[in-house]
Amino acid sequence: MKRYRIWAVLLVVILMGAVVAGCGGSQPSAGEETAKEEGKEPAEGEPKSQYPERPIEFVVPFGAGGGSDILARSIAKVIQDHNLIDQPLMVVNKPGGSGSVGYSYLAEKKGDPYYIGTVSSSFYTAPLLGKSPVSYRDFTPVAGLAMDTYGLFVRSDSRFDSLQEILDEVKANPKSISVGGTSGTSDDAVLTFLLEEKAGVDFTYVPFESGGEVMTALLGGHVDISWANPGEALSQIEAGKARVLAVASKERLPSLPDVPTLIEEGVDVSLAQFRGVVMPKDVPEDAVKYMEEALRKMSETEDWKTGYIEKNMITARFLNSEEFGKAIVELSNMYEQVFAELSK
Amino acid sequence: MGTFENLLYGFSVALSVTNVLYCLLGVVLGTIIGALPGLGPSAGLAILLPLTFGSNPTTSIIMLAGIYYGAMYGGAITSILINTPGDSAAVMTTLDGYPMAQQGRAGPAMGMNVFASFIAGTIGILIFMYLAPPLAKVALSFGPPEYFALMVLGLTTLAGLTGESPLKGFISAVVGLIFAIVGVDLVTGLPRFSFGVMELYSGIDFIPVAMGVFGIAEILVTAEREVRIQMAKADLRFRKLLPSLADWMACRWPIIQGTITGFFIGMLPGAGATIASFISYGIAKSTSKEPQRFGRGAIEGIAAPEAANNSAAVGAFVPLLTLGVPGSASTAVLMGALMMFGLRPGPLLFERNPEFVWGLIASMYIGNAILVLVMLLFVPVFVRAVQVPRPILSSVVMVFILAGAYSLNNNMFDVWLTLLFGILGYFMKKLKYPGAPLILALVLGQLLENSLRQSLILSLGDPRIFFTRPISGTIMAIAIGATLYPVIKSVLKVLRSRTA
Amino acid sequence: MRTVDRATGVLLLLVSVYLVVSGLELEYTLEDAPGPGFLPFWAGVILGLSAIFLVAGTLVQPKKKMKEDNPLTGRGMAVIISVLGASVMAVLLTRILGLVLSMGLLAAMLVRILGSRSWLTVGGMALAIPVVFYLLFIKWLGVPFPKGFLGF
């Protein structure tokens, strides 16, 4: 029983520590109380509380290391480095269910402006495929930040020099060319499908777990062509390991001025995912305005332009809350059409 | 500049006061994250990433890499002491580590973990330094058929894990395979067997399964027994806490084998440290002269998988730094961090940022040395943890498991899942179904199915693809050989006894 | 063990039938390659065969060899149910108390259930666990745990 006594003494010591820690930790809880009041009309005489009064949770509906995660962490870093928001942005990964777990979690925080989240293509596609109970209607658009498009890549020693050569060969010999992508409902699958439709060809589509695996399969020669965000493949292009034959944007990318668009190559296909930030539904107007403004300032910093936009080879395009809301509806309708055709 | 000059240059970078301090901080945090059940290196890296904001890229990555390989050391601690793997790569270490602790040999078990990890980590860095670019080419030659063959080889290690009843071991594996099916189907992108539960779309993560089937089940089984658990009292003299000469002799080959197997599998994108530890354990057992000792407290059963997961952690840097392709969840976070600091991992990194690459390599030698010192210092403390009264130990373990399950995806669902698998694990233990085959099949199952289907899509349905490609054909031959070897051996025995 | 093995065998057989049926409902092949139903189908078949072997084994073996001791005792069940019950309750309480406090509560309940007679230990656990959790997970590592009404 002696051991128990030693434990008891130890616990008492820890308890002492708890009292000290407890005193220090009581402030945030007070802040939270006032924060909960925020959504309502401020009481008479009481000074209007200033958003934000406590840390803001930045929900990434995907695992660490992915495109959405890098976006969120870059935003948090630039905002912190430039002191654009008085409170820290805490990036929290809520992966699962192609983003639907994180989006549902965010949607549940109805009316609470202390939660924001990133938007990527599955924001539009998951609800359409019945994989997510929440859709864009359950969120308040805050700001659009960037357009990320796709490039069509081959290994540097590939026999293909243009999209046309690929299409000619696969037309003559259906299914002879394999395309690497990331699962049956991803953007690259949509692009492959659109390309097949418009050009009247038939590829062999091979799905992989992640963009990284697709790239290794391409470099290893296990698949003939693959789609990737230009930024993901930049280091391969620079090192001369891979070549990009076409991009899926509407106009040529400033960073890849020599690469034609699919449209120029005679296939009327374009696709880009709009990366941005949303809040739950029914949040106070001034909180949306505040966050929109902070993100606008952030998007104008040099750190953002060189550190995120240029490094990831994406197109910066700032949209305010209203414009972003419209863009979301348009994109969602576009995917709806594509999936309707896909399921035919 | 030769490799050696580069390394000296690297040390001049890594040995600055700031870098050494960050390295120390990284490996200590990594050990803790590794030891906490549930909280593994990838989640830990993401959580701790903000700590590095404001410091330069080299310093940051030195710390982050320290967290990654430090976790490989830490994961084994809880595996050995309380039968709960601290992270996924430490699952195999429970099989012999916990029996050793029960026999009062927690000290040597922990000591061997530290030394095997150190030796493998250091040799891994040497291999990385001299052979990274050619090895990257080997990694690239692995396509879907090769992965399929590798997974088949991994499954042959099942035979060594079945315990008392081979049939029950086999059933356990099939059940694991069934759990692997749950989730969104890679090819169609649509969910299977997920019953409309969103959290199941991404499949059943095997960490809640491992924590439930090993950790919670162990708590439940010991709770049931009135008697205080039959943990033999550990000899706490420092000399007795370290592996003996006999232990070292037994572990020579398993450590070397684990190092090579681990590095090779670790550098393949998509395989990683966990599978490396499985396969290395399997090889250690099947090449052992006394395979029956495995699972009952054989020290080689710790040395091989721990060597493998540490050199796999180094091997994972091959595709990350030379190809710019992350091979695992943890290295994906590292890659994200690098990009945030303005570095682009890829074929040109060695030329453009030598201070970074060589500073990192040098810091890994330093980090491994720090880890040995820190861990050996704490071995006596850890070993005493086993002497804590069982009710207290069990309750503490339970709350850490549940909190760890939450931190996995920041989701309550995983907590429920862990409890559920705890119940399953309890019944499995009671009815004598071994847990390891279930975990192995769950880990390998997803890759097995994916690579099978990818290969057959590529070959337009022709199964010869697995045998006509040289690498996959060779691995398949080894796998078939490994399956048939025991049969042939017994046939030969019979023949020999006849002729004699 | 015999009865229990037979019961699990029958249970596994039911699962295998379910798998085979739903495997066939999903596509068995998809464009020449195995489809989403391929693995469930075969896993079901293999599980079914193993279950049959398991049941057959209990029938074939002589009675003497298979001891008729039931590994699932009533007392065991009682302990298990209380441990799990406490855990479930604590997890449910996280919505109100937050993870840190409810885990402290759970640790206290468990240490009591698992046989500690000293109330000092019980109280100590209830305090020590939240403190350690707060300092380790929230303050130091910064894990985003669910918060309770007290704000942590």
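Predicted model: local features only at pLDDT ≥ 70, side-chain atom pairs only at ≥ 80, totals over all residues.
Q: Which elements of chain C supply the side that touches chain B?
A: The contact joins 48 residues of chain C to 42 residues of chain B. At least two residues each are supplied by helix 1 (2-25), strand 2 (33-34), helix 2 (38-60), helix 3 (74-113) and helix 4 (119-141) of chain C, and the largest share, 14 residues, comes from helix 3 of chain C. The classes on this side of chain C are 38 nonpolar, nine polar and one charged.

Q: At what angle do helix 9 and helix 20 of chain B pack, and what does the angle say about their directions?
A: Helix 9 (residues 206-224) and helix 20 (residues 436-458) of chain B pack at about 180°, with axes 10 Å apart. Because angles over 145 degrees count as roughly antiparallel, helix 9 of chain B is roughly antiparallel to helix 20 of chain B. In this contact Phe206(B), Val209(B), Ala210(B) and Val213(B) of helix 9 meet Leu438(B), Ile439(B), Leu442(B) and Val443(B) of helix 20, a set of eight nonpolar residues with no polar and no charged ones.

Q: Which residues touch the most other members of the largest nonpolar core?
A: As a general idea, in soluble globular proteins nonpolar side chains tend to be buried together. In this model the largest nonpolar core has 337 residues, and those touching the most other members are Ile439(B), Met103(C) and Ala107(C). Helix 6 (residues 106-140) of chain B provides the largest share of this core, 19 residues. Leaving aside residues up to four places away in sequence, Ile439(B) touches Val91(B), Gly176(B), Phe206(B), Val209(B), Ala210(B) and Val213(B).

Q: What is the make-up of chain A in secondary structure and burial?
A: Chain A has 11 helices and 11 strands, and buried residues make up 50% of its 344 residues. Among its contacts between residues at least 6 apart in sequence, 73% join residues at least 24 apart.

Conventions. Residues numbered from 1 in each chain as written. Chains lettered and ligands numbered in written order. Contact = placed C-beta atoms within 7 Å. Helix = DSSP H or I, 4+ residues; strand = E, 2+ residues; numbered from the N terminus. Nonpolar A, V, L, I, M, F, W, Y, C, P; charged D, E, K, R; others polar. Axes fitted to C-alpha atoms, helices over the stretch in contact; angles between N-to-C directions. Parallel < 35°, antiparallel > 145°, perpendicular 65-115°, else oblique. Core = buried A, V, L, I, M, F, W, Y, C linked by C-beta atoms within 7 Å. Buried ≥ 20, exposed ≤ 12 C-beta atoms within 10 Å, placed from the backbone.
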